[in-house]
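Have the sequence and the model side by side. We will go from strands to a sheet, then to a hairpin and a pocket.

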Amino acid sequence: MKALLFFIPILFLGACNQSPKSILTTVAEISDTTLLVEPFGMCSDGSGNFYIADVGKHCISRVTPEGEIEVFAGTGNPGAADGKLKSAEFNSPSGVCFDKKGNLYVAGFGGQNVRKISPDGEVTAVAGTGEEGYQDGPADEAIFSSPRGVCVDSKGNIFVADCWNHRIRKISPDGMVTTFAGGGKRGELVVNDWKDGADTTARFDAPCGLAIDAQDNIFVADANNNSIRKITPDGKVTTLAGTDHRKGLSDGTKEEAVLNVPTELFAVSDGTIYFSDTYNHCVRKITPEGGVVTLVGTGEEGFSEKEPLESLLSNPRGICVYNGYLYFVEMSNHTLRKLKL
C-alpha cells in the first residue's frame, strides 16, 4: 500500500523582522489509521527516507522524500518468516536503526528477536529463538523478553534494550549475545531498581529506545524509571535526567527535571539528546549543558496545531533529526509530525 502524504504548515503572525520561530507541521492525515496504526520506533537513512516500526501493523513503513508512505517490509501478519521484503513477517516490531553498511536492524517486541534487512531487501534473523525469557550465548540460542530498542556501534556491535529483562544486551559481530548493562529482577510486572554503576551492577526498569553517538556512548530511554541514562563504551552507567521512578513534568537541571515514561530518543553531534516523553505527551531535549527543556506539548493529551508549546500530542514515540527538522511519530494519533529547529 502506498499513499501520498501532505504537509500542513502552521503560520505565525508577527513582524517581518522578528527572528524565525520553530514551526510544527503534520506529515500525515490524522484520520487515516490505515497509514500508521501504532507507530513506535523510527530512523532515517540519511537520504530523506524515514523508516517506522509499526507495532500494530506488524510491518516496517517507509516515508519517502517525495512525501509518500508505503509498506517497506512485512506482510501485515504477525510472524517470524524470513525472506524478501514483502514476504517476510514481523511480530510487533518496535525499534529500528541502520548500521554504516546500510543494514536495517529491527527489534521484535512480540517476536522476541532481532532481525536484519539487508540493502538488497533480504530479511534474516540475527538473534533470538522466539521464546520469551533470558539467556545469553550464541545468537540462535539467545533468549529475549520483549526487546524494544536497538542501535549499532562503530565496531558493528548491536545493542538491544531488552525491555522486560530490564537489561541492555550486546550482540557481537561473531554472533555472541551477552549482557552489557543492567541486572536485578526480571518480568513485565516487577518494579526493578534505579541505580547507576558499572555494567551489570546498574539497574534499569523497562528500557525502551536506544541511541548512540560518534564516540559510541549509548543513551537509554529508561521508561519506568522516568529517566534518560548514558552508558559509556566501557559499560559505566550514569543518569542524565530524571531519577528513581519519580514522575511528573518539569524542566530544569538534572536534579530538577521530572519525566513521565520516556520511550524513544535521538542523539545529535553537539551533545543534545532529543526524547519523546511519552506519558507527558511532550517532546523534550537535554541540552549539552545538562538542562531539560520542553519543545512541544502542554502535558495534556490530544491533537492540535498551535505554537509548539501550546500544541497537543498523544503518546509520542519514535524520534529523529534530519536536515534541520525534528521528526516524531505519535502512537495514539497515528501520525508523523516534524518541528523546524
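Two strands pair if DSSP finds at least two bridges between them. Strands here are DSSP runs (E, at least two residues), numbered from the N terminus. Residues are numbered from 1 along each chain as its sequence is written. This is a predicted model, in which local features need pLDDT of at least 70.

Start with the hairpin. Strand 24 (residues 282–286) and strand 25 run antiparallel, joined by four bridges. V283 stands opposite V296 in strand 25. Five residues lie between the two strands, and G290 in the turn has a positive phi of about 105°. Is strand 25 (residues 292–296) largely enclosed or left open? Four of its five residues are buried, so the rest of the structure largely encloses strand 25. Buried means under 20% relative accessible area, with a 1.4 Å probe and protein chains only.

Strand 12 is joined to strand 16 (residues 176–181) by two bridges. G137 has V177 in strand 16 as its bridge partner.

Last, look for a pocket. On a 1 Å grid over the protein atoms alone, a pocket is an open set of points where a 1.4 Å probe fits, with protein on both sides within 12 Å along at least five of seven lines; lining residues have an atom within 4 Å of a point. The second largest pocket is lined by 13 residues. W164, A223, N224, V261 and Y279 lie nearest its centre.

How values were computed. Predicted model: local features only at pLDDT ≥ 70, side-chain atom pairs only at ≥ 80, totals over all residues. Heavy atoms only, no water. Buried < 20%, exposed > 50% of the residue type's maximum accessible area, 1.4 Å probe, protein only.
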